[in-house]
Amino acid sequence: MGSGNKLAATVVVVTFAVLMAAVTTTCQAAYGPPNPASCGLKVGYYYAKCPHAEEIVKNVVGAAILHNPGVGAGLIRMLFHDCFVEGCDASVLLDPTPANPQPEKLSPPNMPSLRGYEVIDAAKAAVEAACPGVVSCADIVAFAARDASFFLSNSRVAFQMPAGRLDGRYSNASRALDFLPPPKFNLGQLVANFAAKGLGVEDMVVLSGAHTVGDSHCSSFVPDRLAVPSDMEPPLAAMLRTQCPAKPSSGNDPTVVQDVVTPNKLDSQYYKNVLAHRVLFTSDASLLASPATAKMVVDNANIPGWWEDRFTKAMVKMASIEVKTGGNGEIRRNCRAVNH
Ligand code: HEM
Ligand SMILES: *[C@@H]1O[C@H](CO)[C@@H](O)[C@H](O)[C@H]1NC(C)=O
């Protein structure tokens, strides 16, 4: 073998090794089935360590939703906002401190709209009473989103949530702005935003269906949907103009329901709304902007069980983004602060 060939062989071997390392350390494939197992996550992770952990969280979430279904919507959104910034590591829960005055939760995508923090605190307190120091806040956020989906869908959206995430120690408001998509995003921007987190076009379309529950502040859609011409259905636009100021401000920013037909029910009504142009955001409306995504909208709207099945899988996939399962995290004692 000449030295040229040796060099070529070495390049091939090194390239292969690098590729293999990438394959084995990347648990979030952009294509193909979600594989949370390769992220070190496991269904039933706490069965031996804290047998009642999942049941305890479920009971706390169920009681909170009975009292106020809106927090259920907040908990589903919380998983998204946690996972897209530093991975699913409960970084969204950290309160400001003198050392870190601007954590994620103070950034505009989260403040003042993200809700459900007290439910996570209550679940953590109940789980700590049963098994101190065992269950991470990141897993509680994932379980709570799963349980909220179950309750708000009248148990139609039921699935197992793999666990074993550790809690992060870093939370930075400007990174929430970097990674959480604003409602004025068009289809191309949304696809790129989700691809950056290993999620595909269909994951994006299917997860957007979470806008079948919960509320929005007027400021999230008035500027690009009511103040200027848009494709919003005129009767919905007229109704929203009675609920929203023409120029929302932090002192005058009411909330409205996202799904005018079944506001508190997690169902596929969202896709019917998209087809009827009865949705709030540019991002929602943009799902009709390509033939491929429009077809997904039609299927999710019309085939019974189609969306529910895909939503469960996409939630599990989203909940495995950049998880910390090695020595790079901790199990927080208090979900609002890193351990000392
Ligand atoms: C596709 C890109 C997305 C954009 C641009 C987006 C944007 C928004 C905005 C602007 C709001 C209203 C916030 C407010 O003004 O109060 C909202 C609410 C909500 N979002 Fe999204 N979102 C997206 C994806 C998701 C995903 C992936 C999920 C979860 C799977 C989700 C779940 C929710 C829920 C449940 C609410 C209602 C929250 C509540 O009532 O407290 N969203 N979203
Ligand atoms: C927060 O993240 C931004 C980049 O998004 C970076 O410029 C800034 O230095 C970070 N701040 C801290 C305190 O790490």
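Helix α8 passes helix α14 in a left-handed crossing. Left-handed here means that the near helix is turned anticlockwise from the far one by less than a right angle; clockwise would be right-handed. Helices (H or I, at least four residues) and strands (E, at least two) are DSSP runs, numbered from the N terminus. The model is predicted: local features need pLDDT of at least 70, side-chain atom pairs count only at pLDDT 80 or more, and totals for chains, interfaces and linings use all residues. Residues are numbered from 1 along each chain as its sequence is written, and side-chain values use heavy atoms, with hydrogens and water left out.

**Helix pairs**

α8 spans residues 201–208 and α14 spans residues 306–318. Their axes come within 9 Å and cross at roughly 110°. Axes are lines fitted to C-alpha atoms, for helices over the stretch in contact, and angles run from 0 to 180 degrees between N-to-C directions. The two helices are therefore roughly perpendicular to each other. Angles under 35 degrees count as roughly parallel, over 145 as roughly antiparallel, 65 to 115 as roughly perpendicular and the rest as oblique.

Which residues of α8 make the contact with α14? They are Glu-202, Asp-203, Val-206 and Leu-207. On α14, the partners include Trp-307, Arg-310 and Phe-311. Contact means heavy atoms within 4.5 Å. The residues of this contact divide into 7 nonpolar, no polar and 4 charged. Ala, Val, Leu, Ile, Met, Phe, Trp, Tyr, Cys and Pro count as nonpolar, Asp, Glu, Lys and Arg as charged, and the others, Gly among them, as polar.

α8 also meets α7. This pair is roughly perpendicular too. Leu-187, Leu-190, Val-191 and Phe-194 of α7 touch Val-201, Met-204 and Leu-207 of α8. This contact has 7 nonpolar residues, no polar and no charged.

α2 (residues 53–67) and α3 are oblique to each other. Val-61, Ala-64, Ile-65 and His-67 of α2 meet Pro-69, Val-71, Gly-72 and Leu-75 of α3.

| Helix pair | Axis distance | Angle |
|---|---|---|
| α8 and α14 | within 9 Å | roughly 110° |
| α7 and α8 | within 9 Å | roughly 105° |
| α2 and α3 | 5 Å | about 130° |

**The largest pocket**

The largest pocket has a volume of about 1200 Å³. It is lined by 41 residues. The closest to its centre are Arg-77, His-81, Pro-109, Ser-113 and Phe-281. α3 (69–83), α7 (187–195), α8, β1 (215–217), α12 (282–285) and α14 each supply at least two lining residues. Which element gives the most to the lining? α3 does, with 6 residues. The lining divides into 22 nonpolar, 14 polar and 5 charged residues.

A pocket is an open set of points on a 1 Å grid over the protein atoms alone, where a 1.4 Å probe fits, with protein on both sides within 12 Å along at least five of seven lines; lining residues have an atom within 4 Å of a point.

**Backbone details**

The loop between α3 and α4 (117–130) holds Pro-112. The peptide bond from Met-111 to Pro-112 is cis, with omega near 10°. Glu-86 lies in the loop between α3 and α4 as well. Glu-86 has a positive phi of about 70° although it is not a glycine.

How values were computed. Chains are lettered from A and ligands numbered from 1 in the order in which they are written. Grid points are joined across faces, edges and corners, and a volume is the space filled by probe spheres set on the points.
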